[in-house]
Amino acid sequence: MSIATPLFRFDDSYARDLEGLFEPWRAAQVPAPHLLMLNAALAAELDLDVEALSSPEGVSVLVGNAITEGSSPIAMAYSGHQFGNYSPRLGDGRALLLGELIDPQGRRRDVHLKGSGRTPFARGGDGKAAIGPMLREYVISEAMHALGIPTTRALAVVATGERIARDTPLPGAVLVRVASSHLRVGTFQYAAATGDFDLLRRTADYAIARHFADVATADQPYLAFYARVVAAQAALVAQWMHVGFIHGVMNTDNTTISGETIDYGPCAFMDRHDPGTVFSSIDHGGRYAYGNQPGILQWNLARLAEALLPLIHADAERAIAAATEVLRGFDEHYLFAWRSGMRAKLGIERDSAEVAQWIDGVPALLAQQQVDHTLFFRRLSEAARGNAAAVRSLFADPTAFDAWASTWRQLLPASEEGRLAVAQSMDRVNPIYIPRNQHVEHALAAATGGDLQPIQQLVEVISRPFVERPGLDAYAQPAPADDAPYVTFCGT
């Protein structure tokens, strides 16, 4: 079915420019679609009509039952290293790119379905998604957006009216996702693996035009493009580390060229600080543990370099040398972003080698003392105001805080006025509300059973993460220490 009234004004540059990297496809028809969540703020940002999107015709488009005028849905092709193992043909096994729109700021944005049925890339899966995992992506991506971290966002979650087979039959849903693009490291791996130099070049030129247009005139545009991706991803993973976010599936097909966080599967925010924290049920070796994330990002970027080598230089040795030099810069980019963010979180303006070394030791202190990651930074502002009792109580041995804080206080402004200003700035970067695991699970279970109130409340809370509000104390508390280890699942 198609409808003539365009809910979206699509301009499908990916399909025009990158033949060979997609398959035209249609979403599976679903029996009884109905809207569960609609992101009105994002819709307004995209200049979309909320009322039209919420109508039966709009919901039909959002779930893929109908195609709006100008839309040519495609399943995108890409490769990927999944937990270190190379898969030459992954692609959108249960997803479709409906099209691209230009928002009022002139930015090109993808509108993409997830859980919309099997495609030619399905690899044996059913192509469907359950309500829980799709709502998890809605919640976590909105939390990341509110925290100021580059991310894809959820426009809507639509129930399909069918039950899908998992460990138990579960109600199905489709997620409507918006991204600055769905270009991934795996996209370049796929293009390179075809052996088609023109396809690889067209892919790089498209990515440059879409995300880093200024490098097109560089002396070595493809090397400059690679350097920009390295810098963007280094900054992104530093922001993850600042808030205790663990992605869970940092495969190369889940590493964007744009520097946005993508694919919120077995992801979660850490309670007690522990570099070995793993939430994914399938990450048995801890490859994607919290403390491994910067190194894994660098590894993924090395795979991007391998794909780009023919473009960087015709001489393989010179191409490898040039790409390696850029990749070595990842550590510098990461440490700059990590330390800059940590200075802001700790309320420290001074920047020196000694301060950097001291800052780099903070995670070890938190891990040794089993301190809640989010509460430590949030309560530290109270210590800057002169009351250290709340943050001190987080430590297994409070004297460890006392020893650490003696140095920290020396790095704060000497005047009370200056310390109060610092405390206010700390509260603007240290959230009090994150999607705590116990609240996420409660909300998802309730929604699966038909009650959307808990998840609507959770989204409202995490949409303003830095503003403490009365009546929300429970959302700022970690799970009890004696709770079983938290485990998340990918949902396929």
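This is a predicted model: local features need pLDDT of at least 70, side-chain atom pairs count only at pLDDT 80 or more; totals for chains, interfaces and linings use all residues.
**Entry 1**

I then picked Trp404 and listed its contacts, leaving aside neighbours within four places in sequence. My list reads Leu346, Trp358, Val362, Leu365, Phe376 and Leu380.

**Entry 2: helix α8**

Next I checked the length of α8. Its 23 residues should span 33 Å at 1.5 Å a residue, and I found its end C-alpha atoms 34 Å apart, which agrees. Gly244 follows α8, and I noted its positive phi, near 75 degrees.

**Entry 3: helix α17**

From first C-alpha to last, its 12 residues reach 16 Å, close to the 16 Å expected at 1.5 Å a residue.

Which residues of α17 are buried? I wrote down Asn437, His439, Val440, Ala443, Leu444, Ala446 and Ala447. The buried residues of α17 pack against α5 (131-146), β13 (268-269) and α18 (453-462).

**Entry 4: methionine 37**

I moved on to Met37, whose place is in strand β3 (residues 34-38). Is Met37 buried or exposed? Its relative accessible area is 6%, and buried means under 20%, so Met37 is buried.

Leaving aside neighbours within four places in sequence, I found Met37 in contact with Leu135, Tyr138, Leu155, Ala156, Val157, Ile455, Gln456 and Val459. For a sense of distance, I also looked up Arg392: Met37 and Arg392 are 355 residues apart in sequence and 40 Å apart in space, C-alpha to C-alpha.

**Entry 5: a helix pair**

Last, I turned to helix α6 (residues 185-193) and helix α7 (residues 197-211). Their axes come within 8 Å and cross at roughly 155 degrees. Angles over 145 degrees count as roughly antiparallel, and α6 and α7 are therefore roughly antiparallel to each other.

Where they meet, α6 brings Thr187, Phe188, Ala191 and Ala192, while α7 brings Leu199, Leu200, Thr203, Ala204 and Ala207. I sorted this contact by class: 7 residues are nonpolar, 2 are polar and none is charged.

Conventions: Residues are numbered from 1 along each chain as its sequence is written. Side-chain values use heavy atoms; hydrogens and water are left out. Axes are lines fitted to C-alpha atoms, for helices over the stretch in contact, and angles run from 0 to 180 degrees between N-to-C directions. Helices (H or I, at least four residues) and strands (E, at least two) are DSSP runs, numbered from the N terminus. Angles under 35 degrees count as roughly parallel, over 145 as roughly antiparallel, 65 to 115 as roughly perpendicular and the rest as oblique. Contact means heavy atoms within 4.5 Å. Ala, Val, Leu, Ile, Met, Phe, Trp, Tyr, Cys and Pro count as nonpolar, Asp, Glu, Lys and Arg as charged, and the others, Gly among them, as polar. Buried means under 20% relative accessible area, exposed over 50%, partly exposed in between (1.4 Å probe, protein chains only). The expected span of a helix is 1.5 Å times one less than its number of residues.
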